[in-house]
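Morning, everyone. Please have the sequence and the model up on your screens. I'll be brief.

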Amino acid sequence: MKKFSTIAALCLALAGTATTACSTDARQADENSYTQYVNPRIGTGGHGHVFYGANVPFGMVQLGPTSIPQDWDWCSGYHISDSTIIGFPHTHLSGTGIGDLHDVTLMPVCGTVTYARGNASDPQSGMWSYSDRSRETARPGYYATRLTRYDIDVRLTATARVGFHSYTFHRPDSAAIVIDLQNGGGWDRPTEAAVTRVSDTMLAGYRHSRGWANDQRTYFAAEFSQPISQLDLIADGSPVTADSCRGTVVYARANLDVQAGKPVYVKVALSPTSIDNALLNLRTELPDWDFDQCVARADSAWNSQLSKIKIETASADKREIFYTALYHTMVAPSLFCDVNGDYRGADGKIHNCGNRNTYTTFSCWDTYRAAHPLMSIIHPQLTADVANTFLDIHEQQGKLPVWHLMGCETNTMVGNPGICILADAVLKGYADDPSRAYNALRQSAMLDERGMGLRKQYGYIPCDKMKEAVAYDMEYAIADWSVAQVAKMLNDHEGYDYFAQRSRSYRNYFDPATRFMRGKDSNGKFSTPFNPIASDHRNDDYCEGNAWQYTFLVPHDVEGLAGCFPSADAFIGKLDSLFTVESSLEGTVVSPDISGMIGQYAHGNEPSHHIAYFYTMLGQPWKSAQRVRQILETLYTTAPEGLCGNEDVGAMSAWYVLSAMGFYQVEPAGGRYYFGSPLFDRATLKVAGGEFDIIVHNNSAQNKYIQSISLNGKPYAKEWIDFADIAAGGTLEIEMGNKTVKWY
């Protein structure tokens, strides 16, 4: 990191007089405002785990409240069932099943407090306060509440790299704002932290931590709208009399002489590389003190992105669900470079990405299925930047990302899902150098780690050699198919044959007697005992699923999967049964991720998401229509519990966005979007080639079956539409009716 002494000169550029902004709690709706349809509380209940606070699309900063509890349902820091607040950190995850981040927490306080998280059983412990839910509000780019313990009104907004706080003290005696560098999210613990007083209005420092991301480094610069009257520094439990301190557990209390009812503002800029760059980010993105203008800019940024899809529907609830879902798909991936292009690479070194952006928070196992296929349609520049980010990660850590967070590889989840994302980008024309990308794909697919060595040795991963063997191998098969498609595009026939052959390894697990995918040991025998509805979370042959769900985890080769059965009718019958058998689960530790059940179909977790579209691929599109409509209508609501599983960094919501428009990319790469049943009368997408207009005629709850399709005025007789046709722009017209017909 760069020395504190280099900061002072940069601070001169930040000097200015704070201005008091008028209230922004009221917003006038208009027909061009898409943020008015977003309900950020959707997914804050149940197991949705969504972020609730202020940010801009794909920003580095997610500024919002964090509560006392740290168990599974508080991964994002917030849950609708709990109104405690320990502070307002600048980084959060959204929809994950593991907690981390919550870096650089600010907490306004009055009077004497204990510098700790506190305990909900003792209202005076720590710094925590209840949030007055009657005053709490959130919308894209803005959050507000009142802290009842201290009688403080809180308003938050953000730019991409800067969090902007407004605190109004109604009891101004002993008012202060505490910077908490101890408390992170979930598993995260600080390893080193520091803070220094740069000027009467500026503090700066860093927080290094270890958790899910095993070497996370966040730097910050915090500027106050008025002078700090007294600074109290605490390092590892002891007061520090100097103007700077360093330790493992660090707090800084900025005492302020405030007037009752007059806001105090704080701007906090983050950087993944240095304090100097945090200051540069602050100076560049937020040089002024106009809080309301910052709120307006955040709202404008969200409107710009949400307007990329304009829908027409008579249902206010469906509009709310749709735009909230679209909003959720834009929380991450999150920006991971400074305004000058500096970022911390997967090798721990500082790099520069030039004129593009680099990103982090890649939940690849979840997002390769729908979030990235959606991104490739409406966010072409972001897709290209993500592809280049993946290639940089490959060069820096020796493989493509699995689950990448804050420059760290977590290796979370099974298979090689980053391969699918990069391969899809290459096949859609987003790779600057397809040969370089192919080398990264091929090399990552050949590493003898995470079960791949066993897979090469046996042709499959034996269940007596490794937990979750079926899940790992079947996901590897999906990735192998993706590599094969890129090999085919580049005319590498040998590579194509090799990876295409490996993509069929799932067949080793198919048991003709039970007609399920089952674990197979190193002697070629199926594991026993066998129960298709059993689940032992992360400790059996599957991953967050059971034999019912994993039997259909072959999105890349549905015809090959059907060929495992005695006949096409037998496969269709098995597929029908998936949705109609009892939804019960058995086991001592049943995976909580098996949720959103229709029979044994589990929409609350991503391995099931493609299955309803198999019917269209197999010549019975009316069954896809029935199941897709059922999922859209029953498993997404406007309630806080409106998601039936973890949001998974946009994955659950991306399924809704694509499916509500009428199609879904089943295969992991290549861009064939298979038709289901469009929910809206019209959807207009901003795409690379202009606008792609989806016009749906005669649509209703009864008329959910596609009767015919035309593309740019010509009859269209395919069960899928290609990415290239969507990206080029044009008009897709779909005639709906109540007859179960096949139009292709």
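Which residue in the turn between β7 and β8 has a positive phi? Hold that for a moment. First, the ground rules. This is a predicted model, where local features need pLDDT of at least 70 and side-chain atom pairs count only at pLDDT 80 or more, while totals for chains, interfaces and linings use all residues. Residues are numbered from 1 along each chain as its sequence is written, and side-chain values use heavy atoms, with hydrogens and water left out.

Helices (H or I, at least four residues) and strands (E, at least two) are DSSP runs, numbered from the N terminus. Two strands pair if DSSP finds at least two bridges between them.

Back to the turn. The residue is D151, with a phi of about 60°. Four residues separate β7 from β8 in that hairpin. The two strands run antiparallel, joined by five bridges. T145 has V154 in β8 as its bridge partner.

Now the other side of β7. β6, residues 137-139, pairs with β7 in the antiparallel sense, over three bridges. T137 stands opposite A144. This hairpin has two residues between its strands, and G141 in the turn has a positive phi of about 90°.

Last stop: helix α11, residues 469-489. It is mostly covered, with 19 of its 21 residues buried. N491 follows α11 and has a positive phi, near 60°.

Note on methods:
Expected span 1.5 Å × (residues − 1). Buried < 20%, exposed > 50% of the residue type's maximum accessible area, 1.4 Å probe, protein only.
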